[in-house]
Amino acid sequence: FPFPYTPYGIQERFMAALYGALEAGRVGIFESPTGTGKSLSLICGALSWLRDFEEKKQQEEARLLALGDSGQEGKKPPTSAEPGQLESNGTAGEPDWVTAFVQKKEERDMVDRLKEEQIRRKKQEERLEKIRHNVQLKYAAKRKRSEEDETKRLLQLSKEVLSEGAGVDVLEQLDHNEEELILAEYESDEENKVLSGLEEDDSDLEEEHVTKIYYCSRTHSQLSQFVREVQKSPFGKNTRLVSLGSRQNLCVNEEVQRLGALQLINDRCMEMQKNKLEKKSDEENEGKKRRVSRTVCPFYSYEQMQFLRDEVLVEVKDIEQLVALGRETKACPYYGSRYAIPAAQLVVLPYQMLLHEPTRSAAGIKLKDQVVIIDEAHNLIDTITCIHSAEVSGSQLCCAHSQLLQYMERYRKRLKAKNLMYIKQILYLLERFVAMLGGNVNQNPSCQAVSQTGTVLKSINDFLFQSQIDNINLFKVQRYCEKSLISRKLFGFVERYGSPATAVKTNKENQKLAGLQNFLLTLQQGSDKEGDPPVEAENDQLRSASPLMQIEGFLSALTNANQDGRVILNRQGTVGQSSLKFLLLNPAVHFAKVVEECRALIIAGGTMQPVADFREQLLSCAGVDPARVVEFSCGHVIPPENILPIILCSGPSNQQLEFTYQTRDLPQMMDETGRILCNLCNVVPGGVVCFFPSYEYEKQVYAHWEKTGLLTRLATKKKIFQEPKKANQVEQVLVEYAKCIKHCSQAGGQMTGALLLSVVGGKMSEGINFSDDLGRCVIMVGMPYPNIKSPELQEKMTWLDKTMPRAAGQAPSRLLIENLCMKAVNQSIGRAIRHQKDFASILLLDHRYARPAIFNKLPQWIRERTQVKPAFGSAFAELRKVRTRILCTA
C-alpha cells in the first residue's frame, strides 16, 4: 500500500483487512484506537482498492471493446427450422436462434455503451487536465465574471435613472413586496414537478456516477481533518475529492446566512431558486402581465457553478477552501459541490446527509454499488435514532396555530382553494395535538395548567386514533409543507408583522394582526415568568421565529410504521412546558436502505466495543447475513508498559467500592473516593482527569469534600477545575487547565499539576485530547449506567425484549444497559493515550468492573493490560513504580 511513511504493523493489517472487505463486498466493523493512524489507514487502504478496481474495470472494458471491434457478429439467424428437424427451444420456450440473437444484440449494445462512456470519460479527464495546467483559462473565466458584474451594475443604474420620474410605479412596487408572502397555487397532490427548477437546469445530476467512496464523520472539523490527511497522503494529487456540507456551512450569500437557523436558510435558498425559475418563465412570456420582481440569489449561476465544480475536482479542497473559492468565483459552493458528485472518487460528508434518506436524495447521492465508510461510528445507533426522532412543545404548537390562523385570515382572498384546504388541515392537526396535552389553542399555553401531569407512551396508531386525526393523510400534508414552502412564507409573515417592535399601520386590515403581536408578546413574557431554562441560540430562534418548521419534522416522524416508534406525551406544569415527542425504536429500518444499496460498508471507530449492539440492533435487524459481517480490531502502537489500567475493588480504608444508586450517596463512599484521589495526586505528575457518572453526582461529591475539608487537601497538590455545563465555556476551562499544568511542570514546587472533575457523556468525554501531561491518569468513579427510569429507555428495553433473541442467557434489555454503560466508559478512558510515545494510568473505581461480562467489554488493547487489585495498597505500589520510572527516564 502506498503510505507517506513506514506504516506500523497494525496499520498494514488494518489496510489489508479493509481491502479484503471492500473486494468481497462485506460489512466491516473496524476498531483502531486513537493515535494509531486510523484516518491514514482508511485513506490508503480504501483508495488503493479503488485504484485497483478502476484498473481491472478498464482492462475488462478494453477486452470487451476489442472483441466488439474484431467483428465477431452473430451469424444470420435461420428463418425457419430445417425440414424434418424439430426446432430446439431456449429455456424460456423461445427458439435457440431468438435467444442467440437477443444475446448478440445485448453484447453489441454493451460495446456501444462502453465506447460512449470511454469517450465521455476521456473528455472529462482532458478538461480537468487542461484546467490543472492552464492558468490562462482561470484568468479568462475571472475576467468574464467581472465583465458580467459590470454589465449588471450598469443595467441597474439605467433602471434607477428611468424610474426616477416614475414615482407612482415605485410606490406600487413597494406595496407589492408583500407578494412574496403569498403561497403559489398548489397544483396537485401527485405532482412531481420540482419547484426549485434544479433538475430542469442541471443535466449534470443525470451524469453517470463513477465508482466512489462515501466517507462520513460526525462533525465538520473531523471531516476537514480527514481532507487534510488525504492532501498529505500519496493519493492527494490524483484523487477527485468533493466535500459536502449543509447550506449553513457552505452558503456564501450573506443575506441568507444572517437567518442563522438551518431550516430558515434552507427555505430561503429554495425560495430564491423558485423565484429564479419564475423570472425565467416570465421573460419567456413577455406578453403576459409583468410580475413583481422577486429576490434571486446572485451566486446561483449555472455557468459559474460548473467552473467551481471543475476547480473542486482538479484539486483536493476542504470546506473552508471550498467556501473561499465560492466567494472568489461568485458561485454557490453548496450546489457547485453537488455537481461534482458524479465524477468524484471520494465524497466526504457529515453523518446526517448520508443517514437521512430525503437529504441523501436531495443532495444527489446515489449509493447503488458504491462504498460507504462511516467513521467515528461508536454513536451510530444513537445518531440514527436522533435524526429520525422529533419533539414539539405546547407553546410551539399554540404559537404555530396562532401565526397560521392570522396568515390565513389576512390572505384568505388571495389563496387558492387547495392552499386553504391544507392550511385548515394543519390548523386542525395543531388543535388536536394541543388537546392531547390537555390544552386549548386559543389560550396562552403558559397560563394553562395541566391537570394530569406525567409521561404517557402511545403507539403511533393509538396516538393518531385518540387525537382524532386518523382520517387525515399525513403523507399528503407532509408533501404539501415541503413543496409549498409554507413555513418559509409564515416566517416572512411573522418577521413582517409579528415582532412587537415592528411599526404596523393601524388600518382595518392590519388591526387583525395586533392579535398576533399581543399573543407572541404574552407568550414570551409567560415563558419568562415560568423560568424556562436557557436554550441554545438556534433553538431559541426557531422557537420564536417559525415553530411550524419544528412541527413539520414531527408530522414527518408520524409517517413511520406503527411498530418502529412511539409517541411520548410529556405533560408538565403548563401546556407550554408540555411536549409531544416521537421516539424511533428501530434504527435498522432507516439503515437497511444504506446497507442494501452499497456494495460494501465499513463502520469504523477508535472505540467500537462492545460491538454486539451493531450486530444485533443495526445489521441483523436490517437483514444483513451474519456471514457478510467481518470484524477487525487492532491493538495500540504504544509499548505495553506505557499504559497501566487498574480495576480497584476497595479503597485505602478497605471500604468496598460499589457505586450503585443506593450506596454512592453514602458519606463513607464519598470520603473513600476523596482519599483515593488524595493519594493519587501525591504520586501522579501533570494532569489527572476524574470522570463522574452525572453532573448531579459530581456536584454532590464536590460539596461533600468542601464540607469535610478534603478539597483543601487536594488543592495543595493539584489546582481543581470543574467541567462547565455550557458548551461555550469548555474551551476556556481547557486552556486554563493546560496553562496550569505547564506552569507547574516548569516552576516545580509543591503543586504538581491540575485535577479536572468531568462527567461521563459530557463535553470532555468525547473529542477532547488529554495527551501527554494533560492526562497522566484517568479515573472512572463507579459505573455510568443510564437512568433506567427514563420512559424512553424503558420503552426501548421492552421493544428489544420483544424483538431480539436472548444472548448467552441474558435478556436483550439487560445487555443494552450494560453496553450503553461500557460504551460511555470506553469513550472516556480512551481520552488519555493519544500517540505512540504517550503514557498514562487508568483507574476504574468499582469492583463490578472485574465481572467477566463487564471486563470483556473493555477495548482489547486495554483489557490485555488490565490488573484487578482487591486492595488499594498493591494498586498504589504499581502507580509509585510508574512514577519512579518516569523520574528515571526524565
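Strand β5 (residues 371-374) sends Val-371 and Ile-373 one way and Val-372 and Ile-374 the other, with all of them buried. Here buried stands for under 20% relative accessible area, exposed for over 50%, and partly exposed for anything in between, using a 1.4 Å probe and protein chains only. Strands (E, at least two residues) and helices (H or I, at least four) are DSSP runs, numbered from the N terminus.

The model is a predicted one, so local features need pLDDT of at least 70 and side-chain atom pairs count only at pLDDT 80 or more, while totals for chains, interfaces and linings use all residues. Residues are numbered from 1 along each chain as its sequence is written, and side-chain values use heavy atoms, leaving out hydrogens and water.

What does β5 pair with? Strand β2 (residues 213-217) runs parallel to β5, and four bridges join them; strands count as paired if DSSP finds at least two bridges between them. Within β5, Val-372 is the bridge partner of Tyr-214. Strand β10 (residues 600-605) also pairs with β5 in the parallel sense, again over four bridges. There, Ile-374 has Ile-603 in β10 as its bridge partner.

Ile-374 turns up again in the largest nonpolar core, which has 66 residues; Leu-354, Ile-374, Leu-380 and Phe-591 have the most contacts inside it. Such a core is a set of buried Ala, Val, Leu, Ile, Met, Phe, Trp, Tyr and Cys residues joined through side-chain atoms within 4.5 Å. Apart from this core lies another, of 53 residues, with Leu-181, Ala-390, Phe-433 and Ile-486 among them.

Charged pairs come next. The count of salt bridges is 21, each being a side-chain nitrogen of Lys or Arg within 4 Å of a carboxyl oxygen of Asp or Glu. One of them joins Lys-38 to Asp-375, with the closest N and O atoms 2.7 Å apart. This pair links distant parts of the chain, 337 residues apart: Lys-38 is in helix α2 (residues 38-69) and Asp-375 in the loop between β5 and α16 (380-387). Both Lys-38 and Asp-375 are buried, and together with Glu-376 they are linked in a network of salt bridges.

Glu-818 and Arg-814 also meet in a salt bridge, at 3.7 Å from N to O. Both lie in helix α32 (residues 812-829), four residues apart, or about one turn of the helix. Glu-818 counts as buried because its relative accessibility is 6%, whereas Arg-814, at 37%, counts as partly exposed. Lys-317 and Glu-315 form another salt bridge, with closest N and O atoms 3.5 Å apart. Lys-317 is at 11% relative accessibility and so counts as buried, while Glu-315, at 48%, counts as partly exposed.

Why does Glu-795 count as buried? Its relative accessible area is 17%. Glu-795 sits in helix α31 (residues 791-803), and a polar contact of 2.8 Å joins its side chain to that of Arg-566. A polar contact is a pair of N or O atoms within 3.5 Å; within protein, one must be able to donate a hydrogen and the other to accept it, and residues adjacent in sequence count only if both atoms are side-chain atoms.
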